[in-house]
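Please work through the exercises below with the sequence and the model at hand, and try each task before reading its solution.

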Amino acid sequence: MRFRCRLVVATFLLLVFAPALAVAASPQRILVIYENESTLIAVVEIAAGLRERLETSAPGHIEIYTEHLDTVRFPSAERRKQLTDDLVAKYRDMQLDVVLAVGPGALRFLLDRRDRLASGVPIVFGAVRDISAFQPLPADVKGIVSRFDVSKTLQLAKQLQPQAKKAVVLSGSSAFDRGWEANARATLGDHHAGFDIEYLSGLSLDGFKQAAAALPADAVLMILTVFEDKDGQRFVPRDATDAIAKAASVPVYTVYSSYFGANVLAGHVGTFQMIGSQMGDLVLQLLQGDTSAPQASPTREADLVDWREIRRWGIDRNLIPAGTQILNYEPTAWERYRLPILLALSVIAAQTLTIGALLFQNKRSRRLEEDLSTERLELAHLSRRSQLGELSGALAHELAQPLTSILANAEAGLRLAIDETGDRTEIKEIFDDIIADDKRAASVIAQLRSMMLKGDAALDVLDLNEAVRATVALAHAELVARRTEVTVVEGPSEASVKANLVQLQQVILNLLLNAADAMETMPPKQRKVEISVRKREDGFRELAVADAGPGIPPAMRAEVFKPFVTTKKTGLGLGLAICRTIIEAQGGKLTFDDGATHGARAVVALPPA
């Protein structure tokens, strides 16, 4: 029972799907007959467009058979008869669904032998320029008509070369070539699109090249076909066009897309690949039973230019009409790298703005630094004047002593000079004392003058020991008045530094007076200051001012160098701040020794000269 059920189901499935299986097992067959030989570029492009269209729309269901008559090169009647017999024998037992004729020679060949080769089989033609010679066409013969529009090609030439006045139309000597010339004469006449038309034919290939090379600058050259020259030499038309175009003195135009790449500038053309694709569309419609397509459909055409030839002939790109397809276009660096260029320009602009801002900021900083330096010098000068004001009484005393001594010595010398018995040796000693006291007074006045003057803080090589001695001498009277003892411990002889003497003396003087102020409440015997000079291990020269006072309160150690911080009742708190600024401007450091066991110890470190 189960076996019978399976048999019934299998029989039913076979009856239902057998027709479909039979259809799938019988592919549709088309025969493509080309007028020209297989290597012609037009033939290759048409075949590519046709195959691509058919394989994309119906893969695996269509078989394509191809034949090449090559009757342009071999036009004899005997050759045609032989081809007919061969094709009839070859396809006698094959059921063809559609036959394609590519080129007018192929269409004529098929129509004349249709009863033997394709009886009752629809025909699709393509690459045919004029179908009037084939009228009336049977209803099942449909195709693509190529206009190969010489008129629009010359119109394009006029747009690209508006100064040109003459158009030369060149064609060969084969029957096909002569037919082309006749068609061009009928379409263009002697004047067309602003050109005087001249026809060039009946020459050898060398003759064509020489004639093309001799054309005037106001001419254009349009090459149709050269299958054969007057000497009977046969050519592939594209190869002949390439040779003539290379020799031509003017740009070359064409009506064939296959000529592009052979030194041809432009043309109004329908590409052969598009012809093949359009023929494929007609084949698919017929295979599906759709016969509504018109008997003759025009080839889709467009203006084409070769960018390399545009550049070669120096033609302004603005003359290229809108909508023209440009072959072999080489984009400019801007077109190719627009985004990277914009990004790079943005980065450069940002960097330029940043650099500009930095330069402005740097200039502003220098100006501020110069202003601060000027203000620092002014403040230092005011501080020196303040210090000298404090020392005014002591300085007056310091000057009064040598002046009084000079006066006393001068009076004594005068008495001895009057006395005829005066001792000459004693007189000499009196004059020596006068000279010494004068130098002492002059020295005090010179130091006062230098400390009172304004000026740039020029750095000079100076002896740190000498600077200490001179400063202590300047403050000697004030320190004596304050009953403060100063001890100087000089360092090694190579204690040379690069500093400004006046400003360095100002710092030393400030530290000395601060030390004296710190000990003013102590008994006079305990008021002692030690100034020492030494060479440190890091190479810097050190000047230390240590007092025996109460030292710096721990709470003020971090604040002592800040402006307006002071322990003096009448002080402004600017002295130490100015001193640190002066020392740092000279490449040194001013600190207080936190390790001092008693009193305060100020340390000045300066780089060696």
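The model is predicted, so local features are used only at pLDDT of at least 70 and side-chain atom pairs only at pLDDT 80 or more, while totals for chains, interfaces and linings use all residues. Residues are numbered from 1 along each chain as its sequence is written, and side-chain values use heavy atoms, with hydrogens and water left out.

**Exercise 1.** Describe the protein chain as a whole by its elements, burial and contacts.

*Solution.* Begin with the elements: the protein chain has 19 helices and 21 strands, where helices (H or I, at least four residues) and strands (E, at least two) are DSSP runs numbered from the N terminus. Next, of its 609 residues, 42% are buried, a term that stands for under 20% relative accessible area, with exposed meaning over 50% and partly exposed in between (1.4 Å probe, protein chains only). Finally, take the contacts (heavy atoms within 4.5 Å) between residues at least 6 apart in sequence: 71% of them join residues at least 24 apart.

**Exercise 2.** Which residues cover the two sides of strand 3, and with which strands does strand 3 pair?

*Solution.* In a regular strand the side chains alternate between the two faces of the sheet. In strand 3 (residues 98–102), five of the five residues are buried: Val 98, Leu 100 and Val 102 lie on one side, and Val 99 and Ala 101 on the other. For the pairing, which requires that DSSP find at least two bridges between two strands, strand 1 (residues 28–34) runs parallel to strand 3 over five bridges, with Leu 31 partnered by Val 99. Strand 4 (residues 123–128) is also parallel to strand 3 and is joined to it by four bridges, and there Gly 126 stands opposite Val 102.

**Exercise 3.** How far apart are Asp 85 and Arg 116 in sequence and in space?

*Solution.* Asp 85 belongs to helix 3 (residues 77–91) and is partly exposed, at a relative accessible area of 30%. Asp 85 and Arg 116 are 31 residues apart in sequence, and their C-alpha atoms are 9.3 Å apart in space.
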